Amino acid sequence: MPKSYISLIGKQVKLCRREYFIMSSATATKNGSVQGLAAKAPWTDEQGIAVKIYEGVVTTLEILLLLVKMWVSWIYAMYQLVVPPVPKSIEGEVILITGAGHGMGREVALRFGKLGGVIVCVDINAAGNQETVDVIKANKGKAHRYECDVTDSKAVAALAERVRREVGDVTMLVNNAGIMPCKPLSQHSEKDIRTMMEVNVMAHFWMLQSFLPSMMEKNHGHIVAMSSMAGMLGLRNLVPYCASKFAVRGMMEALHEELREDSKDYSGIKITVICPYIVDTGLCKNPKIRFPTLMKIVTADEAADNIVDAVRRNYSEITIPSSLFYVNSFLRPLPKTVPLHLKDFLDSGLEAQ
């Protein structure tokens, strides 16, 4: 059933509910004043029965519409597993990437640059950032370099103003910068934890507050947030890191709902959350993997390919590797001990460094 037809049915049901509300809340008196039906008690049996029947019919229609919407969405999702969405063009998009000076940030920047995007490389490391810009330009791409401490809200606001003036409005924001100390919680200092939350979580807020408004004005944009499989399940030696990555997923889900439920149309702003497992970027010093063929370490190149593909297809969330998304979705509803048995069998994670 076409989505437009479902939307039309929904509007009709809402109209019925509005008419019912008007009917049941007020009636006009002879002198033009309005008084509630409750104040006109006692009701006659005919009035009460009619109102209850009308309410029942409207509620039944709403439930039927809900079921139709859910089934259509489910069928469409299954269809997209077989026939993925067509990748969108990136050409001309102004793409700001934090942590662009190395690792996945650099690889994503290079790929978007080859696709015709105008890349705004942001990193606190000037040398690494310049290297990324140089490679993009060597491939005949367009790139600009900015150094910024993304944990400083004032510095981020100044960066936004400068980028807007020198490059243009950012239409795609990739919040990639992150750190991952790996050790037991008892060995983390207060400074360790605060620094991690500032980089992995608070920086997202400052970047969103600075760059999202221009996307909302145009109803056009894409926000890419780097979470982790550590944002889907708890892992030993990564307690603060897991907390920060769970926070990123929650933040993006809430932002999606805030935009979706707004009275204005923000359907042109897309959100993609990336959840890698172990990527060889230098952050994972001591990986522990019992079955390398099943839980292999992914290269930064492979991860970047997955990220760019997910963004171009407007996927809301992916894991890297993709199989972990389905494994996690299957195990989550089961009793807590069931996935723990599998986790113990696989015996994978990170040793303290």
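This is a predicted model: local features need pLDDT of at least 70, side-chain atom pairs count only at pLDDT 80 or more; totals for chains, interfaces and linings use all residues.
Contact here means heavy atoms within 4.5 Å of each other.

H9 covers residues 323–331, and Leu324, Asn328 and Leu331 are buried in it. Looking down the axis of H9, its buried residues fall within an arc of 70 degrees, so they line one face of the helix.

Seven strands make up an open, parallel sheet, ordered E5-E4-E3-E6-E7-E8-E12. Strand E5 (142–147) and E12 sit at the edges, each pairing on one side only. On average, neighbouring strands are turned by 15 degrees against each other, ignoring direction. Further in, strands E3 (residues 94–98) and E6 (residues 172–175) run parallel and are joined by three bridges; Ile95 has Met172 in E6 as its bridge partner.

Helices pack on this sheet too. H4 (residues 126–138) touches strand E4 (118–123) and E5, and its direction makes about 175 degrees with that of E5. H6 (residues 190–218) touches E3, E6, strand E7 (221–226) and strand E8 (269–276), with its direction at about 170 degrees to that of E6.

One last stop is Lys245, in helix H7 (residues 239–260). Lys245 is buried yet has no salt bridge, and Glu317, the nearest side chain of opposite charge, is 12 Å away. Leaving aside residues up to four places away in sequence, Lys245 touches Asn200, Met226, Ser227, Ser228, Ala230 and Gly231.

Note on methods:
Residues are numbered from 1 along each chain as its sequence is written. Side-chain values use heavy atoms; hydrogens and water are left out. Helices (H or I, at least four residues) and strands (E, at least two) are DSSP runs, numbered from the N terminus. Buried means under 20% relative accessible area, exposed over 50%, partly exposed in between (1.4 Å probe, protein chains only). Lys and Arg count as positive and Asp and Glu as negative; His and the chain ends are not counted. A salt bridge is a side-chain nitrogen of Lys or Arg within 4 Å of a carboxyl oxygen of Asp or Glu. The arc is that of the directions from the helix axis to the C-beta atoms. Two strands pair if DSSP finds at least two bridges between them. Axes are lines fitted to C-alpha atoms, for helices over the stretch in contact, and angles run from 0 to 180 degrees between N-to-C directions.
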